[in-house]
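Open the structure in your viewer and keep the selection tool ready. We will go from stop to stop, and at each one you will pick something and look.

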Amino acid sequence: MNKKIRTNAVDHLFEAVLCLKDKEECYSFFEDLCTVNEILSLSQRFEVASMLRGHRTYLEIAEKTGASTATISRVNRSLNYGNDGYEMVFGRMDKE
C-alpha cells in the first residue's frame, strides 16, 4: 500500500466509512463529503473495473461508461499491479 496515504486523517476517514450501516447512510455521507462529480468519477472507475474484470474491450467500456482510455488504462493497471483491493471487494460482492 502507498505509504503516502497512510495518515491519521485518512485513518479517521476510513473509520467513518466503516461505521456506515447501509446504502442510504452511504448516500448521505458521501453527498456531504464529496461533490457530485467526485462521486460519479469514483463510481465510473468502479464500473470500469467491473467491466475489465468481465473481459470487456476498452471500446465497449468507453462507450458504456463514458470513461476515457486514460482512465480505463489506469484502472486496468490497478487491477493488474495494484493492492488487490478491487479483487477483494468483487470477491466479497460475488459471494452475496
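## Stop 1: a residue in a helix

Select T71, which sits in helix α5 (residues 69-81). Helices here are DSSP runs of H or I with at least four residues, strands are runs of E with at least two, and both are numbered from the N terminus. Before going on, note that this is a predicted model, where local features need pLDDT of at least 70, side-chain atom pairs count only at pLDDT 80 or more, and totals for chains, interfaces and linings use all residues. Residues are numbered from 1 along each chain as its sequence is written, and side-chain values use heavy atoms, with hydrogens and water left out.

Is T71 buried or exposed? T71 counts as buried, because its relative accessibility is 14%. The cut-offs are these: buried is under 20% relative accessible area, exposed is over 50%, and partly exposed is in between, with a 1.4 Å probe and protein chains only.

Now show the neighbours. Leaving out residues up to four places away in sequence, T71 touches Q44 and R45. A contact means heavy atoms within 4.5 Å.

## Stop 2: the whole chain

Zoom out and colour by secondary structure. The chain has six helices and zero strands. Read from the N terminus, the elements run α-α-α-α-α-α. The C-alpha trace spans about 35 × 30 × 30 Å along its principal axes. The chain has 96 residues, and 14% of them count as buried. Take the contacts in the chain with a separation of 6 or more: 38% of them join residues 24 or more positions apart.

## Stop 3: salt bridges

How many salt bridges are there by this rule? The count comes to two. The rule asks for a side-chain nitrogen of Lys or Arg within 4 Å of a carboxyl oxygen of Asp or Glu.

Select E87 and R53. Their side chains meet in a salt bridge, at 3.2 Å from N to O. E87 lies in helix α6 (residues 85-95) and R53 in helix α3 (residues 36-53), so this pair ties together parts 34 residues apart in sequence. E87 is partly exposed, with a relative accessible area of 34%. R53 is partly exposed too, at 31%.

R53 is in helix α3 and D94 in helix α6, so the pair ties together parts 41 residues apart in sequence. D94 counts as exposed, at 52% relative accessibility. Show R53, E87 and D94 together: salt bridges link them in a network.

## Stop 4: aromatic rings

Next, look for rings. There are four aromatic pairs by the rule used here. One of them is Y86 with F90, a stacked pair with 6.2 Å centre to centre and 15 degrees between the planes. The rule takes rings of Phe, Tyr and Trp (its six-membered ring) and pairs them if their centres lie within 6.5 Å; planes under 30 degrees apart are stacked, over 60 edge-to-face, and the rest tilted.

Y86 and F90 are both in helix α6, four residues apart, which is about one turn of the helix. Y86 counts as partly exposed, at 22% relative accessibility. F90 counts as buried, at 5%.

## Stop 5: the largest pocket

Which residues lie nearest the centre of the largest pocket? Select V17, F30, L42, F46 and V89; the pocket is lined by 37 residues, and these five lie nearest its centre. The elements giving two or more residues to the lining are α1 (8-18), α2 (23-33), α3, α5 and α6. The largest share, seven residues, comes from α6. On a 1 Å grid over the protein atoms alone, a pocket is an open set of points with protein on both sides within 12 Å along at least five of seven lines, and lining residues have an atom within 4 Å of a point.

## Stop 6: two loop residues

Finish in the loops. Select H55, in the loop between α3 and α4 (58-65). H55 is not a glycine, yet its phi is positive, about 65 degrees. Most residues other than glycine have a negative phi. H55 counts as exposed, at 71% relative accessibility.

Last, select D84, in the loop between α5 and α6. D84 also has a positive phi of about 65 degrees and is not a glycine.

Key. On a 1 Å grid over the protein atoms alone, a cavity is a set of points where a 1.4 Å probe fits but cannot get out, and a pocket is an open set with protein on both sides within 12 Å along at least five of seven lines; lining residues have an atom within 4 Å of a point.
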